[in-house]
Every structure is written in C-alpha cells, then in structure tokens.
Amino acid sequence: MTQLHTPNASRNQETGRLSFMDSVSPQSPAPERRGPVPPDAGSAPAETGASESAPGRAGLYRRSSRRVTRPVSEPSSTPCTFSSVSALRKTALTVAAAALLPALTAVPASAAAEVGPRDEKAPNPPSVMSTVGGAQLGRPGTQVRLAAGAPVLPKGVTGRSWIVADAESGEVLAAHNAHWRLPPASTLKMLFADTVLPKLSKDQKHTVTRGELDGVGVGSSLVGIKENQTYSVHDLWLGVFLRSGNDAVHVLSEMNGGVPRTVQEMREHAEELQALDTHVVTPDGYDEKGQVSSAYDLTLIARSGLQKKDFREYCATPRAQFPGEQKPGKKRESFQIQNTNRLLTGDFGVAPYQGIAGVKNGSTTLAGSTFTGVAERNGKVLLVTVMNPSSKEGHAVYKETARLLDWGFAAAGKVEPVGELVPPKSADTGASGDSDGPSPAGEERGQNQHGPGEAAAAGHGESTGAGIAVSVAIVALVLLAIAGFLVNRRWPLPDLARRLPRR
C-alpha cells in the first residue's frame with residue numbers, strides 16, 4: 001500500500017490546544033497484576049481472560065492518599081457547548097455543495113497509506129468487512145481522501161484498527177480497518193454504562209454480597225469493593241469509569257437483574273446502535289472467546305454514551321474519593337482513585353491532552369491496549385478510537401490517539417469524509433422513514449403526479465411557460481428535501497460536559 005500525496009499536502013504544524021485542565025503531576029506506578037497468558041495471545045480470543053493492566057502499562061492499581069478538595073461533579077460556571085449551525089444554513093450549504101459535486105468527484109476515493117511500521121507477525125485484516133457507515137469503511141487498509149492543503153496522516157500510528165470522526169456531524173475523516181472485529185478490553189464498559197446507567201438512580205444504596213464478586217475474572221482490574229459494605233450507585237460508577245473496576249461492573253450488573261440479563265441487554269443495545277461488529281460475552285470486557293468489537297462500533301458506542309449527562313461527567317472525572325471499609329465504631333474513611341485514561345490525567349511520558357473530555361481505555365492480554373477519546377479544539381469535537389497498536393513505545397495507544405487527534409483538528413475542512421457514524425435505529429434524525437412527513441423520494445413522486453388533463457398534455461409534449469416554471473420549482477423542492485435529509489440524518493451531540501482548568 002502507498003501513501004496518497006497531494007500537490008499541496010503538508011504536515012500538521014498546529015500546536016495550539018484548547019485547555020480544559022491543568023497538567024496533572026504524575027505519580028510513580030505501583031506493581032500491577034496480570035492474568036494468565038494464553039499460548040496464542042496474538043490471534044483469536046481464548047477462553048481465559050487477562051487483567052486490564054499488563055507489566056509496563058501503568059496505573060490500574062495505583063492509589064494515592066491525597067484527597068480531592070472539591071466535589072467530583074462540581075458544576076462549571078461557564079459551560080461550553082458544541083458549535084451550532086442553523087438547519088437553514090446547513091441546508092443552503094448542502095445545496096451549494098451538491099452543485100460542486102462534479103468537481104468533488106475528481107478527488108481520489110481512497111488512499112491506502114502506511115502510517116506506521118508493519119508488524120509482519122500480526123494477523124491480516126479480513127478482506128471483506130462490514131460496510132455500515134459507507135462502503136469505503138469496509139475496505140482493508142487506511143482510508144482517507146485528502147483535498148488540497150490537507151496534512152498527510154501522521155507517522156507512528158501502528159494500531160491494527162483506528163478511526164477519526166467528527167463527534168457532532170458523524171463524518172469519518174479517516175479510518176484504518178474500521179470494521180475489523182477485535183477483542184475490545186474495557187472499552188466495552190462504554191456499552192455497559194450506556195445500557196445500564198439510565199436504569200439505576202445514582203443515589204441508590206447497595207450492600208455487596210460475596211456472590212456478587214465471585215464472577216470477577218482472575219487478574220481483573222479492581223476498584224477495591226468489599227463484601228458486606230454499602231456503596232451508592234454513584235460510587236460504583238466512579239469505580240467503573242476511573243479504575244475500570246470489574247468488581248464494580250459485576251455489582252451493578254447484579255443490581256440490574258444479573259450478569260446474563262445485563263449481557264443480553266447490552267447485545268440488544270448494540271444492535272439498536274447499529275454496532276453490528278460487537279458481540280458481548282461479559283459486561284466488563286474481560287477476555288472471553290467470541291467477545292469482539294471494532295473501532296467503528298466503539299466510536300458509535302462512545303457517541304451514544306456522550307448523549308447522557310452522567311456518562312459525560314464520569315468519563316471526564318480525573319480523580320475522586322472512593323469509600324473504604326466501614327469498621328465498627330469508627331468513621332468510614334475513603335481513598336483516592338485516579339482515572340486510568342492517561343490523556344486525561346497524564347503519566348510519565350504522556351502529557352494530558354489539552355481539550356480531552358473522556359472517554360475510556362482498556363488493556364488485556366488478547367486485546368492489547370484499546371482506547372476511545374473525545375476532545376475539543378476551537379469548536380470542533382473529534383472522536384478517535386485506536387485498537388491494539390504494535391509499537392513498543394510506552395503508552396503507545398495514548399500517543400497514537402493524540403497524533404490522530406492533532407491530525408484531525410488540522411485536517412478538518414480539508415478532507416472529504418470516507419464514511420459516517422450512523423445514528424441509532426430509533427433516533428429521530430429527520431430522515432425519511434423515521435418521521436411523519438414524506439420521504440424525499442415520496443415527495444418527489446408526489447410532485448410528479450399529474451391530473452388526467454396534465455398527464456395527457458405531458459404525453460403529447462405540450463409544455464407551457466407555466467409548466468416549465470412548475471418543473472423548476474419541483475426540482476428546487478426536491479433538492480431542498482434531499483439536502484434537508486442529508487443534514488438531518490446526522491445525530492449531533494448535546495452540550496459536552498467540560499471542566500474548568502483546575503487551580
């Protein structure tokens with residue numbers, strides 16, 4: 001495969017980043033646990049899972065005695081919002097773009113770009129993959145359509161699968177094996193949260209039993225839940241998002257009616273989101289045979305989760321206090337937990353990414369490292385997912401995500417989309433079959449229906465000035481209807497929960 005070059009292509013030199021938080025002082029990593037490694041850990045999923053952290057992957061069991069000095073969900077006095085463009089303006093822009101369609105077809109349809117060193121031992125992607133979101137997304141290799149002045153894709157991106165998408169419009173700016181079905185690790189917890197979070201009140205209290213913790217896989221990442229201790233649902237969600245705690249996932253699953261029921265609901269929700277590459281076996285992302293997702297699906301799932309205020313709050317929380325053990329006759333203490341998303345909190349060799357606002361990371365033996373992140377700069381909000389980079393550099397999944405985010409912000413408006421993030425099946429997008437109004441095609445058919453006299457006149461080639469004017473009006477209405485469909489089929493996000501810089 002060869003990298004596509006355009007005459008005016010240049011490498012991204014942008015360095016400015018919109019700041020949501022100050023840098024976090026890194027802490028020294030503590031020793032981490034790891035589950036058993038299957039004999040063929042580099043290929044198909046195995047029956048046995050592994051830990052969310054492996055040696056050299058920092059922070060899944062790190063704790064600190066420092067406490068936060070303000071509530072986790074402290075409201076911002078100056079909430080930021082996604083940039084908003086009126087539907088009328090978008091329609092006008094879309095009609096204008098339609099007029100330029102012949103010129104746009106001159107842009108190459110795709111580019112198979114080598115953006116990182118090839119691992120000769122790594123498995124090859126399937127030759128045929130899903131085409132949800134567009135036919136180009138089903139092709140193996142890197143897909144991008146660079147226009148004049150667009151920066152080339154960054155070097156040093158080795159993920160087996162990745163995607164860069166506009167979080168608001170849903171346009172996919174570039175992708176690499178977007179629909180390759182791979183083990184997801186704890187990024188699957190995004191689907192768990194999107195499915196279960198709306199069903200449980202955050203103020204609800206629950207006393208944990210021994211049986212609720214028995215199903216947690218050996219070597220799992222844990223937040224430190226103890227049996228016979230009482231926790232609020234809010235506490236448990238902090239454990240899920242910040243520490244990727246499988247113990248918290250299993251307790252919440254039991255509160256939701258049990259693990260089997262939760263898994264079934266997650267499968268149904270994935271189908272509703274059109275995340276058809278995803279197959280759920282466990283709610284926590286622990287390695288299990290047949291448990292897979294894709295960069296495309298994880299990005300869809302993150303976009304759905306970010307519609308929910310609590311989801312946005314939890315995934316953007318850098319650190320919080322978690323309840324400790326309640327000892328008789330003593331006040332219950334707490335300990336600090338820190339988010340394992342290194343682009344949010346920073347770590348040795350990784351600076352917090354300015355503008356990051358979530359979402360979720362993961363790491364297991366079979367999945368390698370996986371990550372989905374959302375970030376904002378100058379009113380543009382991007383989602384990036386990277387799965388299983390082969391690079392040996394420390395924290396490669398975060399560094400590669402940062403490179404793709406930098407590229408995406410520099411390339412916005414300079415590339416033609418290679419696909420789109422589809423909305424959920426039940427989303428009210430203003431598209432034809434999902435609304436009470438006529439579809440563009442139906443409207444066109446309606447406009448072309450004539451009465452008996454008009455049909456006879458048309459059949460005999462009898463046209464008048466009034467008829468021509470009506471025809472022109474019909475064409476204009478059809479174009480407007482189609483343009484409205486193209487705009488309204490998107491599923492824009494609501495206001496993103498952003499945080500003030502920490503003092």
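The side chain of T158 forms a polar contact with the side chain of E400, at 2.6 Å. This distance, like every other value in this report, comes from a predicted model.

T158 is found in the loop that links β1 (142–146) to β2 (159–166). Its relative accessible area is 10%; because buried means under 20%, T158 counts as buried. A polar atom of the T158 side chain also lies 3.0 Å from the backbone nitrogen of S391. The two distances that involve the T158 side chain are set out below.

| Group of T158 | Partner | Distance |
|---|---|---|
| T158 side chain | E400 side chain | 2.6 Å |

Helix α3 packs against helix α8 (residues 295–305) at an angle of about 35 degrees, and their axes are 9 Å apart. The crossing of α3 past α8 is left-handed. On the α3 side, the contact is made by M190, L191 and D194, while α8 contributes L298, I301, A302, S304 and G305. By class, the residues of this contact comprise five nonpolar, two polar and one charged. An α-helix has 3.6 residues a turn, so residues three or four places apart point the same way.

Terms used
Residues numbered from 1 in each chain as written. Predicted model: local features only at pLDDT ≥ 70, side-chain atom pairs only at ≥ 80, totals over all residues. Heavy atoms only, no water. Helix = DSSP H or I, 4+ residues; strand = E, 2+ residues; numbered from the N terminus. Buried < 20%, exposed > 50% of the residue type's maximum accessible area, 1.4 Å probe, protein only. Polar contact = N/O pair within 3.5 Å; in protein donor to acceptor, adjacent residues only side chain to side chain. Axes fitted to C-alpha atoms, helices over the stretch in contact; angles between N-to-C directions. Left-handed = near helix turned anticlockwise from the far one by under 90°. Contact = heavy atoms within 4.5 Å. Nonpolar A, V, L, I, M, F, W, Y, C, P; charged D, E, K, R; others polar.
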